[in-house]
Amino acid sequence: MNRKIPVICAAMILISFVLVVFTSYLPQKNALAEEQKYVYLTFDDGPSDRVTPEILDVLKRESVPATFFIVGVNAKSRKEILKRAADEGHTLAVHSYSHKYSEIYASAESLLKDIGACNEVIKSVTGEYTDLYRFPGGSFTVAPELIDAVTAKGYRYIDWNASFRDSEIACATADELFNAAITTVAYPQNVVLLAHDSTTKSATAQALPSVIKYYKDAGYTFKKF
Ligand SMILES: [Zn+2]
């Protein structure tokens with residue numbers, strides 16, 4: 001009996017040690033998980049001659065990736081801008097070929113035709129089709145059967161949970177867009193920011209450096225889809 005006591009003591013010390021290590025490790029791991037914050041910059045409706053290159057300049061200077069949901073008709077004569085975006089590590093994704101709501105949302109067939117035409121433009125630039133798609137207006141404005149048709153075709157659709165509001169604020173200043181981009185955040189751990197790089201959105205390009213600085217200072221990692 002007496003010979004067992006040291007064994008029991010040793011076992012109890014070992015168990016205590018394991019428990020101490022385990023419990024001290026757990027909170028650290030949770031704290032680490034809480035610190036992972038991501039922001040996705042997404043630009044719709046481009047490319048455009050002036051704004052898209054300005055945005056690409058900023059992204060390059062800041063070493064930040066982004067996702068461009070392109071409009072096929074705008075891209076036809078601006079493939080070199082798309083090529084530059086792809087070469088600099090950004091993702092090209094489908095937004096629409098015509099961006100005419102009345103046409104694309106008329107039926108599942110016309111929607112898929114529009115998406116397919118836009119994807120052809122992307123393939124002509126990158127050599128590959130994409131499975132990434134953003135509904136013009138957002139999926140929450142679209143009939144469920146159209147969403148089903150798109151997903152059945154193998155597309156993943158991406159909405160947003162924060163916005164520069166550069167399509168809503170008329171004649172917005174860069175400061176107004178900056179404020180929108182940092183205050184409209186619905187899910188602070190995983191921010192998907194909507195912005196536009198179409199021809200009238202110079203204020204978006206002007207606001208972008210401050211927006212990037214804000215999220216960098218707040219400890220976010222920039223990601224692309
Ligand atoms: Zn759009």
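How many bridges join β2 to strand β3, and in which direction do the two strands run? In this predicted model, in which local features need pLDDT of at least 70, side-chain atom pairs count only at pLDDT 80 or more, and totals for chains, interfaces and linings use all residues, β2 is joined to β3 (residues 91-96) by five bridges, and the two strands run parallel. Residues are numbered from 1 along each chain as its sequence is written. Helices (H or I, at least four residues) and strands (E, at least two) are DSSP runs numbered from the N terminus, and two strands are taken to pair if DSSP finds at least two bridges between them.

Together with helix α2 (residues 51-62), β1 and β2 make a right-handed β-α-β unit, where a crossover is right-handed if, with the strands pointing away from the viewer, the path from the first strand over the helix to the second runs clockwise. In the protein as a whole, the secondary structure comes to nine helices and eight strands.

Burial was assigned from C-beta atoms placed from the backbone, a residue being buried if 20 or more other C-beta atoms lie within 10 Å of its own, exposed if 12 or fewer, and partly exposed in between. By this criterion 34% of the 225 residues of the protein count as buried. Five of the five residues of β2 are buried, and the strand is thus mostly covered; T67, F69 and V71 point one way from β2, while F68 and I70 point the other way. Strand β3 is largely enclosed by the rest of the structure, because six of its six residues are buried.

In soluble globular proteins, nonpolar side chains tend to be buried together. With two residues taken to be in contact if their C-beta atoms, placed from the backbone, lie within 7 Å, I70 touches G46, P47, A75, L82, L92, H95, C118 and I122, not counting residues up to four places away in sequence. Among the contacts in the protein with a separation of 6 or more, residues 24 or more positions apart account for 76%.

Several backbone features were also found in the loops. P47, one of the contacts of I70, lies in the loop between β1 and α2, and the peptide bond that leads from G46 to P47 is cis, with omega near 5°. Most residues other than glycine have a negative phi, and most peptide bonds are trans. In the loop between α2 and β2, S63 has a phi near 50°, a positive value in a residue other than glycine, and S63 counts as exposed because it has 9 C-beta neighbours inside 10 Å. C171, in the loop between β6 (162-163) and α8 (174-183), likewise has a positive phi, of about 50°, although it is not a glycine; with 7 C-beta neighbours inside 10 Å, C171 counts as exposed.

S110, in helix α6 (residues 108-126), counts as partly exposed because it has 16 C-beta neighbours inside 10 Å, and it touches E103 and I104, not counting residues up to four places away in sequence.

Where pLDDT is low, the predicted coordinates should not be read in detail.
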